[in-house]
Amino acid sequence: MKMTNRWNLLIYRLWAPIYDTTVNRIFMAGRQRAIQLLDLKRGEQVLIPGVGTGADLPLLPEGVDVTGIDLSPEMLAEARLKLDRRPAAVKLIEGDAQTLLVEPGSFDAVILNLILSVIPDGNACLQSALRALKPNGRVVIFDKFLAEGATISIARRLMNLFSTVLGTDINRRLSDLMMGCPCEVTHDEPGILGGMYRVILLGKTHRGPTK
Ligand SMILES: C[S@@+](CC[C@H](N)C(=O)[O-])C[C@H]1O[C@@H](n2cnc3c(N)ncnc32)[C@H](O)[C@@H]1O
């Protein structure tokens, strides 16, 4: 099954009330590491496409300005509940993170935790995030990707049918998502679940990588 906005709206309406108390517990170590690697400084502008229930928000340092975008009103409603637990300014926007909804070149850092494997077109999401970044901006990604060069087994295809119904695609390659994007990998380390999830830093460049 291909991920679509229509399906995501439905499935994340169902996830919203239970996301923080179920799957998010598994993800905490990975997202903490991602934010540590981003090394945010006071006064920096941070964009979070697919901010979801705002699980990253309480982990951000004081004094950063945050803009979070999400398609799901129910996930955003959960994120709003966390706003009194963090002092930095947070703006939440309901919308499609595949389309640029913010001022181009205005962000120092972008957090793409658990979104590139969910959003229908991960490449469009990354392109749009990079357009929003300042020239020397950086992106952190905590997510699961198919190993480069690995073929997709029948078992994995079947598992993916199940996982896409639950709202995530396990068969995406980072190199495909980065095609034509003006960025390069500056750091890549195994994250949780034996390296199935990775924590990756990207730096913005002038030209995109080719395959
Ligand atoms: C697995 S959750 C991750 C949420 C959050 N980034 C985190 O780390 O917990 C995926 C999120 O992507 C959102 N999403 C899916 N498609 C989207 C789109 N086209 N634009 C913006 N957000 C989208 C969903 O509503 C959901 O909140």
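Predicted model: local features only at pLDDT ≥ 70, side-chain atom pairs only at ≥ 80, totals over all residues.
Strand 6 and strand 7 (residues 197-204) pair in the antiparallel sense, joined by 7 bridges. Within this pairing, His187 has Leu201 of strand 7 as its bridge partner.

- An open sheet is formed by 7 strands in the order 3-2-1-4-5-7-6, with mixed pairing.
- Strand 3 (90-94) and strand 6 (183-190) are at the edges; each has a single partner strand, so one side of each is left without a neighbour in the sheet.
- From one strand to the next, the twist averages 15 degrees.

**Helices on the sheet**
- Helix 3 (residues 73-80) packs on the sheet and touches strand 2 and strand 3, with its direction at about 170 degrees to that of strand 3.
- Helix 4 (residues 122-132) also packs on the sheet, where it touches strand 1, strand 4 (107-113), strand 5 (133-144), strand 6 and strand 7.
- The direction of helix 4 makes about 145 degrees with that of strand 5.

**Largest pocket**
- The largest pocket holds about 780 Å³ of space.
- Its lining comprises 43 residues, and Tyr12, Tyr19, Leu114, Val118 and Thr168 lie nearest the centre.
- Two or more lining residues come from each of helix 1 (5-15), helix 2 (23-38), strand 1 (45-49), strand 2 (65-70) and helix 5 (154-166).
- Helix 1 contributes the most to this lining, with 5 residues.
- By class, the lining of the largest pocket consists of 27 nonpolar, 11 polar and 5 charged residues.

Technical notes:
Residues numbered from 1 in each chain as written. Heavy atoms only, no water. 1 Å grid on protein atoms, 1.4 Å probe; cavity = no way out; pocket = protein on both sides within 12 Å on 5 of 7 lines; lining within 4 Å. Points joined across faces, edges and corners; volume = space filled by probe spheres on them. Helix = DSSP H or I, 4+ residues; strand = E, 2+ residues; numbered from the N terminus. Nonpolar A, V, L, I, M, F, W, Y, C, P; charged D, E, K, R; others polar. Pairing = 2+ DSSP bridges. Axes fitted to C-alpha atoms, helices over the stretch in contact; angles between N-to-C directions. Contact = heavy atoms within 4.5 Å.
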